[in-house]
Amino acid sequence: MSPRHNRPRGGETPDERPGSGYDRYGLEQTEEYLGEDWKVRHVAGASAAGKRYRCPGCDQEIPSGTPHLVAWPEYGGVDDRRHWHKACWNAKDRRTSKVQRSRNAPRY
């Protein structure tokens, strides 16, 4: 029996694969949202022990330790990052937030 080869066929590197969309290490992906490119990174949730985030898609809290994703505009800074439930990010173009906030409630 011949040994198993874990190399891609055709000699291409992971960076050259068509349609991969991920960066070199497979951590970030670029997607279009609101007419601009956004960086999207999946987060396991285990590293953010004790932290809670509010999903802008459903306005619900993301509990500590829950896998989710972080999205930010490609040319944005640290303050522009938003933590989303994966399902909310996937449905972001199909729905809008119907939550009625008071005037002094935080947006995220």
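Reader: How many aromatic pairs does the model contain?

Author: The model is a predicted one, and ring pairs are picked out by whether the ring centres lie within 6.5 Å. By this rule the count comes to 5 aromatic pairs.

Reader: What kind of pair do the rings of Y33 and W38 form?

Author: A pair of aromatic rings is described by the distance of the centres and the angle of the planes. For Y33 and W38 the centres are 5.3 Å apart and the planes stand at 65 degrees. An angle over 60 degrees counts as edge-to-face, so the pair Y33 and W38 is edge-to-face.

Reader: Is W38 buried or exposed?

Author: A residue counts as buried when its relative accessible area is under 20%. The value for W38 is 8%, while Y33, its partner in the edge-to-face pair, has 14% and is buried. W38 is therefore buried.

Reader: What kind of pair do W38 and W89 make, and how many residues apart are they?

Author: The ring centres of W38 and W89 are 6.1 Å apart with the planes at 50 degrees, so this pair is tilted. It links distant parts of the chain, since W38 belongs to strand β2 (residues 36-43) and W89 to helix α1 (residues 86-90).

Reader: Which residue has its charged end over the ring of W89?

Author: The residue in question is found in the segment after α1, and its side chain also reaches the backbone oxygen of W89 at 3.1 Å. The charged end lies 4.1 Å from the centre of the W89 ring, and the residue is K92.

Reader: How many residues make up the largest nonpolar core?

Author: Ring pairs link Y33, W38, W84 and W89 into a cluster, and these four names are found again in the largest nonpolar core, together with V40, C55, I62, L69, A71 and C88. The elements that give two or more residues to this core are β2, β5 (68-73) and α1. The core has 10 residues in all.

Reader: What distance separates the C-alpha atoms of L69 and W84?

Author: L69 lies in strand β5 and is buried, with a relative accessible area of 2%. Its contacts beyond four places in sequence include V40, W84 and W89. Although L69 and W84 are 15 residues apart along the chain, their C-alpha atoms are separated by 5.4 Å.

Reader: Why is β5 described as largely enclosed by the rest of the structure?

Author: On one side of β5 H68, V70 and W72 are buried, and on the other L69, A71 and P73 are buried too, so that both faces are covered. Antiparallel neighbours are joined to the strand, with 6 bridges to β2 and 3 bridges to strand β6 (residues 82-84). The strand is described as largely enclosed because the buried residues of β5 number 6 of the 6.

Reader: Which residue of β6 is the bridge partner of V70?

Author: V70 in β5 stands opposite R41. In β6, the bridge partner of V70 is H83.

Notes:
Residues are numbered from 1 along each chain as its sequence is written. This is a predicted model: local features need pLDDT of at least 70, side-chain atom pairs count only at pLDDT 80 or more; totals for chains, interfaces and linings use all residues. Side-chain values use heavy atoms; hydrogens and water are left out. Rings of Phe, Tyr and Trp (its six-membered ring) pair if their centres lie within 6.5 Å; planes under 30 degrees apart count as stacked, over 60 as edge-to-face and the rest as tilted. Buried means under 20% relative accessible area, exposed over 50%, partly exposed in between (1.4 Å probe, protein chains only). Helices (H or I, at least four residues) and strands (E, at least two) are DSSP runs, numbered from the N terminus. A charge sits over a ring if NZ of Lys or CZ of Arg is within 6 Å of the ring centre and within 35 degrees of the ring normal. A nonpolar core is a set of buried Ala, Val, Leu, Ile, Met, Phe, Trp, Tyr and Cys residues joined through side-chain atoms within 4.5 Å. A polar contact is a pair of N or O atoms within 3.5 Å; within protein, one must be able to donate a hydrogen and the other to accept it, and residues adjacent in sequence count only if both atoms are side-chain atoms. Contact means heavy atoms within 4.5 Å. Two strands pair if DSSP finds at least two bridges between them.
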